[in-house]
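Here's a quick briefing to read with the model open beside you. Take a look around first, then work through the points below.

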Amino acid sequence: MTAETSQTLDRGLRVLKLLADTDHGLTVTELSNRLGVNRTVVYRLLATLEQHALIRRDLGGRARVGLGVLRLGRQVHPLVREAALPALRSLAEDIGATAHLTLVDGAEALAVAVVEPTWTDYHVAYRAGFRHPLDRGAAGKAILAARVRPLPEPGYTLTHGELEAGASGAAAPLLGVTGVEGSVGVVMLADAVPERVGQRVVDAAKEVAEALR
């Protein structure tokens, strides 16, 4: 800690991070041990966070992330979208296909930014706000692949006809961006994705990840 930082705020943020990393919540004692502070401090931190709906406590006393975090998270999407647009425009124009940034939203993949090429006669109509299961479509499958370590080769995912008949997709996960789980990809009307597209999508995902760091 430096003179310019708040120890209390730091501890509160650490509580949120610890709770975000567990599915079953944590007790006051568990948080106390992990933070290295006494239980009284943890009680005060939880009470403050609970007032702002950032945490909730179940009947057993275990603390979990609260719905207030979702309200904060919704404001992140416009920032992420703005940072990703230059790389998506370049990808769409280069490949001649609709490019998209997709983020995890619960058990679904949510397209938060979409860029269509300007020079093609036709392309897939893919809109921001489109949702689909994580285990269907290149965007979702690329995200799931990134949960495996090390990332399986070749580093991108190809699909055909899983979300729209006659459409093929390629996507690569965003890597190394704290708090953001997503992918960058393209969707095109084709029986198969051209060979060069896979690596181009990987490069675009790296560009977006760099812009978000």
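Which residues of H7 are buried? They are Val 197, Gly 198, Arg 200, Val 201, Val 202, Ala 204, Ala 205, Val 208 and Ala 209. Keep in mind that this is a predicted model. The protein has seven helices and eight strands, and 41% of its 213 residues count as buried.

**The whole chain**
- Taken along the principal axes, the C-alpha atoms fill a box of roughly 65 × 40 × 30 Å.
- If you look at contacts with a separation of 6 or more, 48% of them come from residues 24 or more positions apart.

**The sheet**
- Six strands make up an open sheet, and going across it you meet them in the order S5-S4-S3-S8-S7-S6, with antiparallel pairing.
- At the edges sit S5 (131-133) and S6 (157-160), each of which pairs on one side only.
- From one strand to the next, the twist averages 30 degrees.

- S3 (residues 98-105) and S4 (residues 108-115) pair in the antiparallel sense, with seven bridges between them.
- Two of the pairs to look for are Ala 99 with its bridge partner Val 115 in S4, and Val 104, which stands opposite Ala 109 in S4.
- S3 and S4 form a hairpin with two residues between them, and Gly 106 in that turn has a positive phi of about 70 degrees.
- On to S5: three bridges join S4 to this strand, and the two run antiparallel.
- Glu 108 stands opposite Pro 133 in S5.
- How much of S4 is covered? Most of the strand is, with six of its eight residues buried.

**Helices on the sheet**
- H6 (residues 138-146) lies across S3, S4, S5, S6, S7 (167-173) and S8 (182-189), and runs at about 30 degrees to S7.
- H7 also packs on the sheet, where it touches S3, S7 and S8, and its direction makes about 145 degrees with that of S8.

**A closer look at H7**
- Does the length of H7 (residues 195-212) agree with what its residue count predicts, or disagree? It agrees: at 1.5 Å a residue, the 18 residues should span 26 Å, and the end C-alpha atoms are 28 Å apart.
- An α-helix has 3.6 residues a turn, so residues three or four places apart point the same way.

**The H1 and H2 pair**
- Two packed helices are described by the angle between their axes and the distance between the axes.
- For H1 (residues 7-20) and H2 (residues 28-35), the packing angle is about 115 degrees and the axes are 11 Å apart.
- The crossing of H1 and H2 is right-handed.
- From H1, the residues in the contact are Arg 11, Arg 14, Val 15, Leu 18 and Leu 19, and they meet Leu 31, Arg 34 and Leu 35 in H2.
- Sorted by class, that contact of H1 with H2 has five nonpolar, three charged and no polar residues.

Conventions: Residues numbered from 1 in each chain as written. Predicted model: local features only at pLDDT ≥ 70, side-chain atom pairs only at ≥ 80, totals over all residues. Heavy atoms only, no water. Helix = DSSP H or I, 4+ residues; strand = E, 2+ residues; numbered from the N terminus. Expected span 1.5 Å × (residues − 1). Buried < 20%, exposed > 50% of the residue type's maximum accessible area, 1.4 Å probe, protein only. Pairing = 2+ DSSP bridges. Axes fitted to C-alpha atoms, helices over the stretch in contact; angles between N-to-C directions. Contact = heavy atoms within 4.5 Å. Left-handed = near helix turned anticlockwise from the far one by under 90°. Nonpolar A, V, L, I, M, F, W, Y, C, P; charged D, E, K, R; others polar.
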